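Please work through the exercises below with the sequence and the model at hand. Each task is followed by a worked solution.

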Amino acid sequence: MQLPGVLGEPIRFVLNWGRRYSLWVFNFGLACCAIEFIATSMGRHDFIRLGVIPFAHGPRQADLMVVSGTVTDKMAPAIKRLYDQMPEPKYVISFGACSNCGGPYWDSYSVTKGVDQIVPVDVYVPGCPPRPEALLHGILRLQEKIAAEQSGIGGVSRPDPLAAPADSATAVRTVGSLTAPVVPPPTS
């Protein structure tokens, strides 16, 4: 929705300020990085002071999905389904080397080579496992990105990495195409 020119900038500032300091987090913890996420929400680091509310009841109440850990091909459709259930505007932080690019398991047949193949990622937090301070830094970078958005009431529309490309000459990518082929069991 396009805002009128007179009211556009002040209302945009207020909307972005509200989005920036009221992020409800849906944690998708898959491995050891989830423990670091939990440590970030505890008293020592306390990311509630940054306006981040940990542990939304479900994807329909969340603004921010934090994917932490190894994303396998079997888990990819579940991540996509939960991301699609989140209301707009929605943001994603890829937390840790495994969710960024596969980490030490990148050459495994069942590991997705980064969560950005499934959902659009706003901020990447490196490390194996990343420290809680790194997640706090990633949240601050996301808040800066939200403050700079030129969005209206409905948020910012972002491209879906699994959507069909504009030209039909290229192949259509689906979550099913990201999974490894079935390997038959060895015969004895």
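Predicted model: local features only at pLDDT ≥ 70, side-chain atom pairs only at ≥ 80, totals over all residues.

**Exercise 1.** Determine how many salt bridges the structure holds, and which residue forms one with K90.

*Solution.* 
Step 1. The count of salt bridges in the structure is five.
Step 2. The partner of K90 is E88, and their closest N and O atoms lie 3.9 Å apart. A salt bridge requires a side-chain nitrogen of Lys or Arg within 4 Å of a carboxyl oxygen of Asp or Glu, and this pair is counted as one.
Step 3. In general, side chains of opposite charge can pair when their charged atoms come close.

**Exercise 2.** Decide whether K90 is buried or exposed, and classify E88 in the same terms.

*Solution.* 
Step 1. The cut-offs are needed here: buried means under 20% relative accessible area, exposed means over 50%, and partly exposed lies in between.
Step 2. K90 has a relative accessible area of 9%, so K90 is buried.
Step 3. E88 has a relative accessibility of 48% and therefore counts as partly exposed.

**Exercise 3.** Locate the cis peptide bonds that lead from E88 and from C128.

*Solution.* 
Step 1. E88 is joined to P89 by a cis peptide bond, whose omega is near -10°. P89 belongs to the loop between α3 (76-85) and β4 (91-95).
Step 2. From C128 to P129 the peptide bond is also cis, with omega near -15°. P129 sits in the loop between β5 (123-125) and α5.

**Exercise 4.** Explain how E144 and R141 are placed relative to one another in helix α5, and describe their contact.

*Solution.* 
Step 1. Both residues belong to helix α5 (residues 132-147). Because E144 and R141 are three residues apart in this helix, about one helical turn separates them.
Step 2. Their side chains meet in a salt bridge, at 2.5 Å from N to O.
Step 3. E144 is partly exposed at 42% relative accessible area, and R141 is partly exposed at 32%.

**Exercise 5.** Describe the salt bridge between R131 and E133.

*Solution.* 
Step 1. The side chains of R131 and E133 meet at 3.3 Å, N to O.
Step 2. R131 is exposed, with a relative accessible area of 52%, whereas E133, at 38% relative accessibility, is partly exposed.

**Exercise 6.** State which residues form a nonpolar patch on the surface, and where W17 is found.

*Solution.* 
Step 1. The patch consists of F13, V14, W17 and Y21, which together have about 460 Å² of accessible area.
Step 2. W17 lies in helix α1 (residues 5-20).

Note on methods:
Residues numbered from 1 in each chain as written. Heavy atoms only, no water. Patch = residues over 30% accessible without salt bridge, like charges linked within 9 Å, V, L, I, M, F, W, Y side chains within 5 Å. Areas by Shrake-Rupley, 256 points an atom, 1.4 Å probe, with all protein chains shown as cover. Helix = DSSP H or I, 4+ residues; strand = E, 2+ residues; numbered from the N terminus. Buried < 20%, exposed > 50% of the residue type's maximum accessible area, 1.4 Å probe, protein only.
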